[in-house]
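Open the structure in your viewer and keep the selection tool ready. We will go step by step.

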Amino acid sequence: ASVATLGACATSGLQYGRDGLAPVDHVVRANLVTGQYGSAYEAALGKDARLRDRLLRALAVGTLGLYASRTDSSVWALDRAYSLAEDRWSKRLANAAASVAVNDYVLPYTAGPTERLFIPFYGALSWLSRDDRDDAAVEARRLVQLLGEAPADSGAGAPDELRGLLHYVAGAVFEAAGDRAAADVAYRNADRL
């Protein structure tokens with residue numbers, strides 16, 4: 001068992017540099033710096049990217065797809081990222097205990113509380129870029145639900161300024177979808193924060 005564990009740790013460690021980034025991440029960053037969103041998107045889908053964690057890959061494809069105007073794959077990837085993030089969030093305590101016995105790179109990536117907020121945020125933007133306001137409103141509801149899970153004063157959530165901004169964005173999405181009642185509630189929450 002120890003040989004298998006050490007082999008997995010060694011293999012996993014070879015995929016990442018000293019900065020903690022996979023080689024494909026360096027390619028994606030270089031393309032983003034030069035404004036080549038399509039190339040960054042293609043790199044995120046490439047053969048090397050398949051070695052990455054499924055959640056990280058879905059997040060990359062989802063956000064890069066939005067910037068590269070590949071909204072079909074963007075909305076699919078962000079929906080997948082949301083499902084993976086929620087599933088892993090519920091299992092994070094068991095994973096933390098397992099990290100004592102194995103290398104952190106072997107464990108699946110778990111998005112933090114603030115990062116989880118941006119999955120439906122980008123999902124709403126992707127749906128709006130497709131002019132699909134009803135599905136954008138679904139993402140706004142996910143966002144509002146996540147905003148209500150961990151208040152900022154608990155130390156586990158995003159700062160009030162960011163939470164207020166995200167409530168405002170949700171309100172604008174609701175308003176675009178024609179749900180004035182939900183928009184008013186979101187705007188009140190934004191104003192309160």
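Two residues are in contact when heavy atoms lie within 4.5 Å. Keep in mind that this model is predicted.

**Stop 1: helix α7.** Select residues 113-129. At 1.5 Å a residue, these 17 residues should span 24 Å, and the end C-alpha atoms are 25 Å apart, so the two values agree.

Now colour the buried residues of α7. They are R116, L117, I119, P120, F121, Y122, G123, A124, S126 and W127. What covers them? Show α4 (54-67), α5 (71-90), α8 (133-149) and α9 (160-176), which are included in the cover.

Step just past the end of α7. There D131 takes a positive phi of about 60°.

**Stop 2: α8 against α9.** Select both helices. They pack at an angle of about 150°, and their axes are 9 Å apart. Angles over 145 degrees count as roughly antiparallel, so α8 and α9 are roughly antiparallel to each other. The crossing of α8 past α9 is left-handed.

Show the side chains at this contact. From α8, pick R133, A136, A137, A140, R141, L143, V144 and L147. From α9, pick R163, L166, H167, A170, V173, F174 and A176. Of the contact residues, 11 are nonpolar, one is polar and three are charged.

**Stop 3: E139.** Stay in helix α8 and click E139. Is E139 buried or exposed? Its relative accessible area is 5%, and buried means under 20%, so E139 is buried.

Finish with its neighbours. Leaving out residues up to four places away in sequence, E139 touches D79, P120, G123, A124 and W127. Among the buried residues of α7 are P120, G123, A124 and W127.

Key
Residues numbered from 1 in each chain as written. Predicted model: local features only at pLDDT ≥ 70, side-chain atom pairs only at ≥ 80, totals over all residues. Heavy atoms only, no water. Helix = DSSP H or I, 4+ residues; strand = E, 2+ residues; numbered from the N terminus. Expected span 1.5 Å × (residues − 1). Buried < 20%, exposed > 50% of the residue type's maximum accessible area, 1.4 Å probe, protein only. Axes fitted to C-alpha atoms, helices over the stretch in contact; angles between N-to-C directions. Parallel < 35°, antiparallel > 145°, perpendicular 65-115°, else oblique. Left-handed = near helix turned anticlockwise from the far one by under 90°. Nonpolar A, V, L, I, M, F, W, Y, C, P; charged D, E, K, R; others polar.
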